[in-house]
Amino acid sequence: MHPQHMLAARPHGDPRRAHGHPPRAASSAYDEEQKRRRLGLSLWIAGMVIGLILNLFYAVRGIIVTDGQLAGAMFIGALFAFPPLVIYLFIPSILDRFDPEPWWCLLMAFLWGAVAATGFSILINTEVKSLFTELGGPRVGELVSASVSAPFAEEFWKGLAVLGFFYFMRREFDGIVDGIIYATFAALGFAAVENVLYYSNAAMRGGSDALTGVFLIRGVFTPWLHPLFTAMTGIGFGLARESSRASVRTLAPLGGYMVGVILHAMWNFLPTALEGAMGSVLIPWVLLWLLFVSAFFVIIIALVVRKGRVIRDNLRDEVLLGHLSQEEIDLVCSPIGRLRCTFGWRGAAGRSFIRAGARLGLSKWHTARAMKGQKRTISADFIVPLRDEIKLHRTAMMARAPR
């Protein structure tokens, strides 16, 4: 389905779907949200078009400069860069188990990283490298481009994907885990296209041996570096989403972005500065970053567990109110609940039930925090419609129940 159709369709929790005459406030909130989504989609399309033009321009220019050799090398690079995405994209998708992001949101984040972020970044990095090469020579140009320009530019353009979902798709952005997921998909899209360039250059300059070496470093040992860098921005926006304090909502995204820039600059600086002498420190350098990435994955898992606990805590009173049973809450909060529905009698209705239940818990969580900060949130408008949606999905499940 085209994104425009998705935005026009009424998503889970649409206040106007459960009843014919919804509260005016809920209907108004939905209309305002749809306007914001359409604006976000327009900006996404504009960025994608400009990014595509920039990518094509620099690709064609490279092919002309190399007398056509780059075209064949890029094909080989693509064969090495894109198939591993099946594994790379699967890992973050299974981590976000309790309230998975819509597939089309993840696709938009991935495409932004692969097309828009790469296009704008290659423009900035190329021009910065040319400028400082003229001022200080090739070595200075390479060092400034890799260690200064690339971290600031690339993390900015990848981070815009996270900002876009944070601002334009607030109901699909609940907190830190969602920020990390969107950042990871944008970064994996960026890294895939960047890897095509690295692999193609290696194939042209050093043949199969050089290509194998670069693939082992970028595709096997360090494929999670770009997601790690951009996830810092995702964490910043996630903290902003979870907080009602104005200072946190302003400073957390900026702080997360700067942490990502610093980590990116650290990774780029040593190989660029040492260049030919890098071999002696390469293995310990890579092992250090593998340890860092491993620790980061442990943190993500802890955050996912926390998200499940938040959903459960905010659904407890639904049992007393008669909207959910304890067994249903256990299903919604189960790490394998969706799998149980997929391979059991509940099927698609069960998966929809789990998503509505998780959305209800998260909406109540956002509402409670907003009330504590004496602020209003759109999440409050979806609590009652989500309860009605749960009833509909329960009825659909019961119709499938074994007799």
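**Exercise 1. Find which residues Phe-82 touches, not counting residues up to four places away in sequence.**

Step 1. Contact is taken as heavy atoms within 4.5 Å. With that rule, Phe-82 touches Ala-192 and Val-196.

Step 2. Helices here are DSSP runs of H or I with at least four residues, numbered from the N terminus.

Step 3. Check the surroundings. Phe-82 counts as partly exposed because its relative accessibility is 37%; buried means under 20% relative accessible area, exposed over 50%, and partly exposed in between (1.4 Å probe, protein chains only).

A note before you go on: this is a predicted model, in which local features need pLDDT of at least 70, side-chain atom pairs count only at pLDDT 80 or more, and totals for chains, interfaces and linings use all residues. Residues are numbered from 1 along each chain as its sequence is written, and side-chain values use heavy atoms, with hydrogens and water left out.

**Exercise 2. Work out how the buried residues of helix 4 (residues 85–95) are arranged.**

Step 1. List them: Leu-85, Tyr-88, Pro-92 and Leu-95.

Step 2. Look down the helix axis. These buried residues line one face of helix 4, because they fall within an arc of 115°, taken from the directions from the helix axis to the C-beta atoms.

Step 3. Turn to the face away from the buried side, where you will find the exposed residues Val-86, Ile-87 and Phe-90.

**Exercise 3. Identify the helices that each supply at least two residues of the lining of the largest cavity.**

Step 1. A cavity is a set of points on a 1 Å grid over the protein atoms alone where a 1.4 Å probe fits but cannot get out, and lining residues have an atom within 4 Å of a point.

Step 2. The largest cavity has a volume of about 90 Å³, and its lining includes Pro-92, Leu-95, Trp-224 and Phe-296.

Step 3. The helices are helix 4, helix 7 (176–221), helix 8 (225–242) and helix 10. Helix 10 gives the largest share, 4 residues.

**Exercise 4. Describe the setting of Asn-314 in helix 10 (residues 279–321).**

Step 1. Asn-314 counts as buried, because its relative accessibility is 17%.

Step 2. Follow the side chain of Asn-314: it reaches the backbone oxygen of Val-310 at 2.8 Å.

Step 3. Leaving aside neighbours within four places in sequence, Asn-314 is in contact with Gly-361, Lys-364 and Trp-365.

Methods. A polar contact is a pair of N or O atoms within 3.5 Å; within protein, one must be able to donate a hydrogen and the other to accept it, and residues adjacent in sequence count only if both atoms are side-chain atoms. On a 1 Å grid over the protein atoms alone, a cavity is a set of points where a 1.4 Å probe fits but cannot get out, and a pocket is an open set with protein on both sides within 12 Å along at least five of seven lines; lining residues have an atom within 4 Å of a point. Grid points are joined across faces, edges and corners, and a volume is the space filled by probe spheres set on the points.
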